[in-house]
Amino acid sequence: MSSFWLTEEQEAIREGVAKVCAKYGDDYWLKTDDTGRYPEDFVADMAEGGWLGVVMPERVGGAGLGLTEAAVMMQTVAQSGAGFSGASSIHLNIFGPMPLVKFGSDAQREMLLPRIISGEDKMCFAVTEPNSGLDTSSLETRAERTNDGYLINGRKIWTTGAQRANKILIIARTTPKDQVAKPTQGLSLFYTDLNREHIEANPIPKMGRKAVECNTLFIDNLKVPFEDLVGEEGKGFQYLLHGLNPERVLFAAEAVGLGRAALARAATYANERVVFGRPIGQNQGIQHPLAKSWAELEAANLMAFKAAALYDAGKDCGAEANAAKYLGAEAGFRACETAVLTHGGMGYAKEYFVERYFREAMIARIAPVSREMILNFIAERVLHLPKSY
Amino acid sequence: MKVLVPVKRVIDSNVKARVKPDQTGVDLANVKMSMNPFCEIAVEEAVRMKEKGVADEIVAVSIGPVQAQETIRTALAMGADRGVLIQTDTDVEPLEVAKLLKAVIEQEAPGLVLMGKQAIDGDNNAVGQMLAALLDWPQATFASKVEVSGQTVKVTREVDGGLQTLELDLPAVVTADLRLNEPRYASLPNIMKAKKKPIDVKAPADYGVDVAGHLKVLKVTEPPKRTAGVKVENAAELVAKLKTEAGVL
């Protein structure tokens with residue numbers, strides 16, 4: 001293991017991000033959650049500070065840093081009290097463009113990436129479909145070749161940020177499943193304009209994080225020029241795989257950040273709230289769940305940063321990244337739950353903020369992959385048990 | 001013009017300082033440390049001068065432990081060009097700080113020294129004044145506005161009951177007050193650039209200054225805890241208490 005603590009540079013990143021976040025307190029996020037107003041000013045501030053380019057290559061104006069630094073940054077955002085309302089508003093900019101970075105043409109990279117880093121272009125990522133879910137190879141969206149490009153038709157679901165995005169990274173089947181050797185072949189990735197004449201995006205009313213919407217997309221005869229294909233035709237699934245582990249690590253770090261924010265609020269409240277003539281935090285019944293949450297959060301955090309270190313060193317991190325996302329999401333959720341319970345009746349009131357944290361904590365338990373699929377992965381790949389599905 | 005900005009690493013302004021149980025000082029173990037807020041304002045002002053083309057180089061100088069490099073790095077990330085660390089584990093007193101800075105200034109020959117009016121740990125408010133005296137340079141303290149034009153600098157000072165505007169010949173020492181500006185946040189590209197900027201590490205002996213000091217801290221005591229207030233039933237009772245107990249009426 002390289003180290004158990006942040007380097008000076010990572011510490012500077014944490015501090016730099018924390019300073020931006022300090023402008024956006026819990027009241028700001030409560031309001032965005034209440035009204036559904038997108039945190040535009042927060043995102044603009046992060047873009048202006050160059051933070052959206054944290055993992056982008058230096059030659060296109062990014063900082064060329066690793067997953068560890070991205071995780072430090074995203075955790076700081078969540079931990080500031082911004083939670084997933086803040087983290088999800090920029091999450092996609094971090095590893096979303098990775099297929100372009102790794103497999104895009106030079107022209108694509110030089111033209112498109114600087115616009116993502118500056119926040120000029122806002123992208124959404126359309127993978128999941130109503131009828132395929134985690135079984136990506138069964139997706140039904142088709143991209144058919146035409147004389148001057150492709151014609152895309154299909155449906156997507158849970159596409160985050162499609163209301164505001166002007167660009168879409170979309171995966172579609174270019175060769176029918178029965179004409180390829182393996183179901184994961186024949187899928188292609190496109191980065192193209194989100195043309196609203198051919199894409200209808202409808203927000204899904206949901207449990208938390210109202211400010212950052214998720215959509216169902218109906219794609220009807222979307223024309224895509226040849227130059228918007230990312231990498232080679234038919235290799236889209238392999239390209240997607242490259243982004244999965246980093247995304248899991250980021251989710252883990254964000255969930256731990258949110259859990260820490262909840263825990264800090266709970267500890268403060270337990271110290272201040274006096275019942276029966278003493279602070280409720282003097283009772284072990286209150287103390288122990290909080291202490292347990294701390295232990296769980298920090299353990300999950302170690303796994304997340306181990307996975308990040310492995311990824312940055314170019315080593316396989318599949319098991320660690322999956323385990324980190326599982327542990328982080330569970331620890332984050334339990335910390336938020338404990339924080340609500342510690343606040344008693346006040347925990348149910350929005351003005352104490354932990355109610356919002358609690359709803360947001362569910363996100364990391366479900367997205368981007370379910371707990372069950374993570375356990376399947378570990379059972380299969382680490383413990384060599386037979387595939388169950 | 002070269003601008004020299006001394007920066008100090010101090011306990012973070014958001015941390016609640018705790019006195020060590022033996023009352024020998026403030027407990028700094030595992031406490032978040034940051035750049036002194038007034039130093040940050042001075043760095044910001046220097047960077048703005050550079051952006052306006054008034055300054056062409058900014059040198060950040062710190063005196064402190066090895067970790068003070070991080071404080072210099074913060075200044076570099078804000079826009080300073082290079083750093084000098086005079087490394088010492090001694091808590092150097094204002095006069096010795098001024099002497100060390102004088103020695104650096106004699107080597108660097110800046111056109112302007114911009115510094116915080118005081119550090120929030122010792123609250124001495126002494127180094128700027130001492131430094132100007134040692135250098136025999138003009139000084140303007142508590143600046144809320146600084147404008148350099150040619151060989152002079154016009155400084156608006158916050159004084160009791162109003163503002164005073166001074167014009168000083170350069171080189172000069174100017175100390176920054178709270179309202180001079182609002183320091184920027186370091187952006188990610190600038191944090192990355194700061195890594196590549198040079199920091200010279202020196203020792204007090206390199207400048208022939210003895211930092212042993214003359215003062216001895218005998219005892220540090222926390223301010224008394226605030227006691228709970230009392231509730232009054234009505235306005236008459238409030239007025240009575242203000243008269244008899246508070247003695248303010």
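**Two chains, residue by residue**

Mentor: Start with helix α2 (residues 68–78) of chain B: 8 of its 11 residues are buried, so the helix is largely enclosed by the rest of the structure. Buried means under 20% relative accessible area, exposed means over 50%, and partly exposed is in between, with a 1.4 Å probe and protein chains only. Helices are DSSP runs of H or I with at least four residues, strands are runs of E with at least two, and both are numbered from the N terminus.

Trainee: What kind of model is this, and how are residues numbered?

Mentor: This is a predicted model, where local features need pLDDT of at least 70 and side-chain atom pairs count only at pLDDT 80 or more, while totals for chains, interfaces and linings use all residues. Residues are numbered from 1 along each chain as its sequence is written, chains are lettered from A and ligands numbered from 1 in the order in which they are written, and side-chain values use heavy atoms, with hydrogens and water left out.

Trainee: Back to α2(B). Which residues are buried there?

Mentor: The buried ones are Ala68(B), Gln69(B), Thr71(B), Ile72(B), Ala75(B), Leu76(B), Ala77(B) and Met78(B).

Trainee: Why do residues three or four places apart point the same way in an α-helix?

Mentor: An α-helix has 3.6 residues a turn, so residues at that spacing point the same way.

Trainee: What follows α2(B)?

Mentor: Gly79(B) does, and its phi is positive, near 140 degrees.

Trainee: How many helices and strands does chain B have?

Mentor: Chain B has 6 helices and 11 strands. Its C-alpha trace spans about 65 × 45 × 40 Å along the principal axes. Of its 249 residues, 45% are buried.

Trainee: And chain A? How many helices and strands are there?

Mentor: Chain A has 12 helices and 10 strands. Its radius of gyration is 21 Å, close to the 21 Å that the globule rule gives for 389 residues, so chain A is as compact as a globular protein of that length. That radius is taken over C-alpha atoms, and the rule is 2.2 Å times the number of residues to the power 0.38. The C-alpha trace of chain A spans about 80 × 50 × 40 Å along its principal axes. Buried residues make up 53% of the 389.

Trainee: What share of chain A's contacts comes from residues 24 or more positions apart?

Mentor: They account for 73% of the contacts with a separation of 6 or more. Contact means heavy atoms within 4.5 Å. In chain B, 70% of contacts between residues at least 6 apart join residues at least 24 apart.

Trainee: New topic. How many aromatic pairs are there over all chains?

Mentor: The count is 11. Rings of Phe, Tyr and Trp (its six-membered ring) pair if their centres lie within 6.5 Å; planes under 30 degrees apart count as stacked, over 60 as edge-to-face and the rest as tilted.

Trainee: Is Trp29(A) buried or exposed? What about Phe42(A)?

Mentor: Trp29(A) is buried, at 0% relative accessible area. Phe42(A) is buried too, at 0%. Tyr24(A), Tyr28(A), Trp29(A) and Phe42(A) form one aromatic cluster.

Trainee: Where is Thr159(A)?

Mentor: Thr159(A) sits in strand β3 (residues 149–160) of chain A. Its relative accessible area is 0%, so Thr159(A) is buried. Beyond its neighbours within four places in sequence, its contacts include Cys124(A), Phe125(A) and Glu213(A).

Trainee: And where is Leu229(A)?

Mentor: Leu229(A) is in strand β8 (residues 229–230) of chain A. Leu229(A) counts as buried at 14% relative accessibility. Leaving aside neighbours within four places, Leu229(A) is in contact with Gln108(A), Tyr150(A), Ser188(A), Leu189(A) and Phe190(A). Leu229(A) and Glu337(A) are 108 residues apart in sequence and 44 Å apart in space, C-alpha to C-alpha.

Trainee: Last one. What does Ser187(B) touch?

Mentor: Not counting residues up to four places away in sequence, Ser187(B) touches Gly49(A) and Trp51(A). Ser187(B) is in the loop between β10 (172–176) and α5 (188–195) of chain B. At 13% relative accessibility, Ser187(B) counts as buried.
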